[in-house]
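Here is a colleague's note for someone opening this entry for the first time. Please keep the sequence and the model at hand while reading the points.

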Amino acid sequence: MDAVIETRTAEPIAEQAPDAATAASNATVSPDNRKLVIDIRNITKVYKMGDVEVHALRGVSLKVYEGEFVSIMGPSGSGKSTMLQILGALDQPTSGEYFLDDVDVAKMRDTQLAKIRNQKIGFVFQSFNLLARTDALRQVELPLLYAGTPNRSRLAKEALESVGLGDRLHHHPTELSGGQQQRVAIARAIVSNPAIVLGDEPTGALDSHSGQEVLKIFQQLNREKKMTVVFVTHDSFVARHTDRIVMLRDGEIVTDRRVPDPYDAATTERPSSDPELEAMFKETYSAPKEHFA
Ligand SMILES: Nc1ncnc2c1ncn2[C@@H]1O[C@H](COP(=O)(O)OP(=O)(O)OP(=O)(O)O)[C@@H](O)[C@H]1O
Ligand SMILES: [Mg+2]
């Protein structure tokens, strides 16, 4: 995978593409009348480490509309996780604006942020982040418990069924495979019916078969339940399953393109060699560019 990324950075595909958000910074619906869910404007993030400042994001603007499936790619240290943490209201930007589902998030205090996270965002981590001593059903009930939602058990069961784990309700994490644990985490992320589901390398810790299963679920949630999904991935094959790829480098968006003909996770097999993957990636990036207004 690293080889693919390396090749990419050597190619001229990372030209400065005028970014969509600046192109139409005031639109709240897409050309096909979809609602704006994420609207970040000129976000910066500076980490202070003693006397040293790390500029993790240097002015990032992005609009994501309801029902989009977006992957964020870029070399290690380019700011992907930082950006996703801000999108997920897990962290605040140093400057810039963030409207999530029309709510101004960038200046909120911690308690308000926690509420927004609970209501509007489902987060899936690379390492699942499940509680060791808790069965699948209870893990998925937790966000509902914090929110004081009634019918928790039924809703949690339905969420687990929707990720194909209806027969694993009372299994603990150690009794589940990696792919199944990630599916529990996805059920937990979607049970509150959030405006967006975010993932930081959700397939990164999985073997290719389990990764494909997880990808299939994300695709189903997006296509059948119309969920808006944004995830980070290092893997160009995974990204090729999404509708749009945003590429970061050194804390800036360098490209933002529609994937011409996204792969279907249910029917696509991973190419067996790196050159094949590389060719596929180039093909994605040589397709005519479409902008996002
Ligand atoms: N909490 C932090 N304190 C200080 N610096 C940080 C912190 N988190 C991230 N950074 C720095 O910010 C930059 C962006 O980090 P980030 O984790 O967003 O990168 P990434 O694109 O997710 O990388 P990777 O692919 O390795 O996960 C890096 O230079 C990193 O060292
Ligand atoms: Mg990261």
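The points below go from the chain as a whole to its sheets, its ligand shell and one of its helices.

1. The model is predicted, and the features described here should be read with that in mind. The secondary structure of the protein chain comes to 10 helices and 10 strands, and 41% of its 293 residues are buried. Among contacts between residues at least 6 apart in sequence, 71% join residues at least 24 apart.

2. One open sheet is formed by four strands in the order β2-β1-β4-β5, with antiparallel pairing. Because β2 and β5 (103-104) stand at the edges with a single partner strand each, one side of each is left without a neighbour in the sheet.

3. The pairings inside this sheet can be followed strand by strand. β1 and β2 are joined in the antiparallel sense over 11 bridges, and the bridge partner of I43 in β2 is V60. β1 also pairs with β4 (residues 95-100), again in the antiparallel sense, over five bridges, and in β4 the partner of T44 is S95.

4. At the β5 end of the sheet, two bridges join β4 to β5, which run antiparallel, and L100 has V103 as its bridge partner in β5. The hairpin of these two strands has two residues between them, and D101 takes a positive phi near 55 degrees there.

5. Which residues are found around ligand 1? They are Y47, M49, V54, A56, G74, S76, G77, S78, G79, K80, S81 and T82. By class, this shell has four nonpolar, seven polar and one charged residues.

6. A second open sheet has six strands, in the order β6-β7-β8-β3-β9-β10, and its pairing is mixed. Its edge strands are β6 (121-125) and β10 (252-258), each of which pairs on one side only. On average, and with direction ignored, neighbouring strands of this sheet are turned by 15 degrees against each other.

7. The bridge partner of I196 in β8 is T228. Helix α7 packs on the sheet, touching β6 and β7, and its direction makes about 165 degrees with that of β6.

8. Helix α5 deserves a separate look. Its buried residues are A136, L137, Q139, V140, E141, P143 and L144, and what covers them includes α4 (110-120), α6 (152-162) and α7 (178-190). Just after the helix, G148 takes a positive phi of about 70 degrees.

9. Leaving aside neighbours within four places in sequence, V140 is in contact with A156, A159, L160, V184, A187, R188 and V191. V140 and K157 are 17 residues apart in sequence, and their C-alpha atoms are 8.2 Å apart in space.

Methods: Residues numbered from 1 in each chain as written. Chains lettered and ligands numbered in written order. Predicted model: local features only at pLDDT ≥ 70, side-chain atom pairs only at ≥ 80, totals over all residues. Near = placed C-beta within 6 Å. Nonpolar A, V, L, I, M, F, W, Y, C, P; charged D, E, K, R; others polar. Pairing = 2+ DSSP bridges. Buried ≥ 20, exposed ≤ 12 C-beta atoms within 10 Å, placed from the backbone. Contact = placed C-beta atoms within 7 Å. Axes fitted to C-alpha atoms, helices over the stretch in contact; angles between N-to-C directions.
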